[in-house]
Amino acid sequence: CDGLYSSEPFCSPAPTPLACSSGNRCTFKQISAGRAHTCAVDMSDVVWCWGDNRAKQLGVATPGAISSVPVRSLANALAIAAGDDFTCAIRRTGVNNAQREVLCWGANEKGQTGQPLTAPSGERYPGPTIVLGPVDPIPTPTQYMTFPPSKLIVAGARHACAVTTDGWMTCWGDNNQLQVADTGTIAAAPIVGRPFPGSNTCGTCTITRVQVAGFLLAGAG
């Protein structure tokens, strides 16, 4: 590398075909890049991840903090989303894989994997962990509407959102810039364990799915 990135020892100036752990070239149909890791879904609906794994964002244990070789982390995947140092996916589950569920793994200091915060805040969660459970269906807090399975998932730095098959979207994680909910009051993520004196739960973080106001014309499927 040269110019702006001359001090970066790991730059690669040319595209390089990825080889999976079996030694064969990986072929993917979806890919998502986080801050320092990348995950993709191959043609057999298997998730492969590579890069930084210090927060277990690759979804599996690796010998070191970084894996340059893609590692297999999840099967039956429909969609993948990589955040800063966590990952979320939608996968098929249930009888005949008829249901869909959202899973997240990796860092959880802002509730981005949907787990309660652990004292001291910043506890890392190995994954994957089911955070939203089967979504076929899940009632809203008002109990008058049900959510069908999710078809799309995206991840920001420390929050994530899922779009259901009928076009509704829910989000969770850090809401310090109103990226989860632009109106109303969120349900602050609870904290478990014994926090240090003066340590409280993150007031801008939620592990409760928040429905985005309005209707998204996202189509069916």
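This report walks through strands, an aromatic pair, salt bridges and a few loop residues in a predicted model.

## Ground rules

Residue numbers start at 1 in each chain and follow the sequence as written. Because the model is predicted, local features need pLDDT of at least 70 and side-chain atom pairs count only at pLDDT 80 or more, while totals for chains, interfaces and linings use all residues; side-chain values rest on heavy atoms, with hydrogens and water left out.

## The four-stranded sheet

Let's start with the sheet built from β1, β2, β3 and β4. Strands here are DSSP runs (E, at least two residues), numbered from the N terminus, and two strands pair if DSSP finds at least two bridges between them. The sheet is open, its four strands follow the order β1-β2-β3-β4, and the pairing is antiparallel. At the edges sit β1 (28–33) and β4 (66–74), each of which pairs on one side only. On average, neighbouring strands of this sheet are turned by 20° against each other, direction ignored; the angle is taken between N-to-C directions of lines fitted to C-alpha atoms, on a scale from 0 to 180 degrees.

Inside the sheet, β2 (residues 37–42) and β3 (residues 47–52) are antiparallel partners over five bridges. Across this pairing, V41 stands opposite V47 in β3.

Which residues form an aromatic pair? The partners are F28 and W50, stacked at 5.8 Å centre to centre with 20° between the planes. A search of the whole structure finds one such pair. Rings of Phe, Tyr and Trp (its six-membered ring) count as a pair if their centres lie within 6.5 Å, and planes under 30 degrees apart are called stacked, over 60 edge-to-face and the rest tilted.

F28 belongs to strand β1 and W50 to strand β3, so the pair links distant parts of the chain, 22 residues apart. W50 is buried, with a relative accessible area of 13%, whereas F28 is partly exposed at 25%. For these words, buried means under 20% relative accessible area, exposed over 50% and partly exposed in between (1.4 Å probe, protein chains only).

## Salt bridges

Side chains of opposite charge can pair when their charged atoms come close. The rule used here asks for a side-chain nitrogen of Lys or Arg within 4 Å of a carboxyl oxygen of Asp or Glu, and the count comes to six salt bridges. One of them joins D45 to K29, with the closest N and O atoms 2.4 Å apart. D45 lies in the loop between β2 and β3 and K29 in strand β1, so this bridge ties together parts that are 16 residues apart in sequence. D45 is buried at 16% relative accessible area, while K29 is partly exposed at 46%. Salt bridges with shared partners join K29, D45 and R92 into one network.

Another bridge connects R91 and E101, whose closest N and O atoms are 2.6 Å apart. Here R91 in strand β6 and E101 in strand β7 are ten residues apart in sequence. E101 is buried at 3%, and R91 is partly exposed at 23%. R158 and E109 also form a salt bridge, at 2.8 Å between the closest N and O atoms. That bridge ties the loop between β12 and β13 to the loop between β7 and β8 (117–118), so it spans 49 residues of sequence.

## The β12–β13 hairpin

The loop that holds R158 belongs to a hairpin, which joins β12 to β13 through three residues. Strand β12 (residues 150–155) and strand β13 (residues 159–164) are antiparallel, paired over five bridges. A155 has A160 in β13 as its bridge partner.

N76 is in the loop between β4 and β5 (77–82) and is partly exposed at 33%. N96 is in the loop between β6 and β7 (99–107) and is exposed at 73%.

T93 is placed in strand β6 (residues 86–93). Leaving out residues up to four places away in sequence, T93 touches A98, Q99, R100 and E101, where contact means heavy atoms within 4.5 Å.
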